[in-house]
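Please look through the model below, first as whole chains and then at single residues. The paragraphs that follow are meant to be read beside it.

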Amino acid sequence: MRNLSLPLSDEAIRELQVGDPVALSGVMVTGRDAVHKWMVETFIKKTRPPQGDDLAVYEAIKPLLAGGAIYHCGPVVAGLDAKQYRFVAAGPTTSSREEPYQGDVMRHFTIKAVIGKGGMGPKTLAACQTVPGAYLHAIGGAASLIARTVEKVLGVHKLGFGVPEAMWVIEVRNFPAVVTMDAHGHSLHVEVETHSKAELDRLLIV
Amino acid sequence: MPDLIEPLVELIRRTSTDLPPDVEQALTAACEREAAGSAARGALEAILQNVELSRRNSTPICQDTGTPIFYVRHPAGWSTRRLREQIRAAVAEATQRSYLRPNAVDALTEKNSGNNLGEAFPTIHFEEIEGDELIVDLMLKGGGCENVGAQYALPNSTLGAGRDLGGVRKVALDAVHKAQGQGCAPGILGVAIGGDRGAAYYASKETLFRKLEDTHPDPQLAALETRLTEEANQLGIGPMGFGGQTTVLGVKMASMHRLPASFFVTVSYMCWAHRRRRMVVRDDAVIYD
């Protein structure tokens, strides 16, 4: 088990290899479908002008994401009415939906760790090589276990996107994951896809 | 009609925070089959720890508490309108108590309703049955696994799948391959043969209420369920798509009548966190399975 502290250095990222189990500690930000679309449209492609608190949120998240981690997660949060937020369940969501955006978002904010489940495609893998960054696979569905590693909810942005889609700023200790895409161009997902396709082809001719 | 809101909240709590024993046993057996120290073994160990922790603390097993899908079988004379009102009230209350994540998003405005209530949300199916028991089956089906469901129209020349059980086998294996780890493998497949497109998805989900160890009464389908389970596991996708011995925990099939022109094979993929529970109301007693 390799311990990683956020924010991450280039050296720490380059040492990671596909298959390495890791434990992350420090501050990370959740972000999924609505957040990635918002980031790309408002600040990267600029097809939509900033409005409301967009610029303030941008300034607040920029330092957290520089060298940091974005976690594809839509948590169950208790204490919403009193704003005494506590993560009750917080496993990863399927990352492939962010494939159209992730590479650009990583480069723009210098995000070094993308955490989710199910893996991502060639655009993200290319960004992992240039930024450099890594894709860390959390255990899908292990929501209570992961929520226990969330020591503190430091704040939330864009709650108007809904609880699952908001950007939650969290402090974690020993958050467990496995490196499945590294900064050297290797992807466990490509490997498993290729192997299982060969097996499928064998079964289809029976 | 009795007030069933509290008993229904309890049904939701049990469904969200615990796994049925057959599913947990299958996961334990799968864990033992993976090599010590492998990523697959590590994933299953974390999964089993998580189930234990969720049960103990009454917290959702998975943060994606999914679409609540209710199958309600009621005696003659019950008001389905009132049952629907009570189910909706229970769902809103369970959301307030953090047993469910607010998951109902308006497809046009993108606004989350905040209480899991919306147009056709939750999903509720009613059926009148003989006798005097009310039976409520609940399944919580998350988005990751729902997204990898698939429907095929046979014949399918790309896969060399004809209009027979051999063709059904081929497209079902293709669906497992396409899903990779995205549906939170190891999953459970519900496969419906025939029907129209809508009825077939309904039936493919209903088969997922069957216990993993049960055997299909039709010997041909029983044999195909076993064969598909073995062959899907030969794909080597493994837990979470990390590679490994167990890609699916089981396959459950249903067959329906179809149009002469249509031969649909409909696959619903259920993640390892197969949250399903039953509540029976008999006289004044409420019994959970």
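Helices (H or I, at least four residues) and strands (E, at least two) are taken here as DSSP runs, numbered from the N terminus. The structure is a predicted model, in which local features need pLDDT of at least 70 and side-chain atom pairs count only at pLDDT 80 or more, while totals for chains, interfaces and linings use all residues. Residues are numbered from 1 along each chain as its sequence is written, chains are lettered from A and ligands numbered from 1 in the order in which they are written, and side-chain values use heavy atoms, with hydrogens and water left out.

Chain A contains 7 helices and 9 strands, and its C-alpha atoms fill a box of roughly 60 × 40 × 40 Å along the principal axes. The radius of gyration, taken over C-alpha atoms, can be set against a globule rule of 2.2 Å times the number of residues to the power 0.38; for the 206 residues of chain A a compact globule would come near 17 Å, and the chain agrees because its own value is 17 Å. Of these 206 residues, 59% count as buried, where buried means under 20% relative accessible area, exposed over 50% and partly exposed in between (1.4 Å probe, protein chains only). Among the contacts of chain A with a separation of 6 or more, 62% are accounted for by residues 24 or more positions apart, a contact being heavy atoms within 4.5 Å.

Chain B has 8 helices and 9 strands, and its C-alpha atoms occupy a box of roughly 50 × 50 × 40 Å along the principal axes. With 289 residues, a compact globule would have a radius of gyration near 19 Å, and chain B, at 19 Å, agrees with that. In chain B 58% of the 289 residues count as buried, and residues 24 or more positions apart make up 78% of the contacts with a separation of 6 or more.

Some features of the backbone deserve a separate look. In chain A, the peptide bond that joins A:Leu6 and A:Pro7 is cis, with omega about -5 degrees, and A:Pro7 sits in the loop between strand E1 (2-5) and helix H1 (10-15). In chain B, a cis peptide bond runs from B:Leu154 to B:Pro155, with omega near 5 degrees; B:Pro155 belongs to the loop between strand E4 (150-153) and helix H6 (165-179) of that chain.

Two lysines of chain A can be examined for phi. A:Lys46, a residue other than glycine, has a positive phi near 55 degrees; it lies in the loop between helix H2 (33-44) and helix H3 (54-65), and is exposed, with a relative accessible area of 62%. A:Lys158 has a positive phi near 60 degrees and is found in the loop between strand E8 (150-157) and strand E9 (167-181), but A:Lys158 counts as buried, at 13% relative accessibility.

Over all chains the structure holds 0 disulfides, a disulfide being a pair of cysteine sulfur atoms within 2.5 Å. A:Cys128 is in no disulfide, and the nearest cysteine sulfur, that of A:Cys73, is 19 Å away; at 0% relative accessibility, A:Cys128 counts as buried. B:Cys184 is likewise in no disulfide, the nearest cysteine sulfur being that of B:Cys271 at 6.1 Å, and B:Cys184 counts as buried at 6% relative accessibility.
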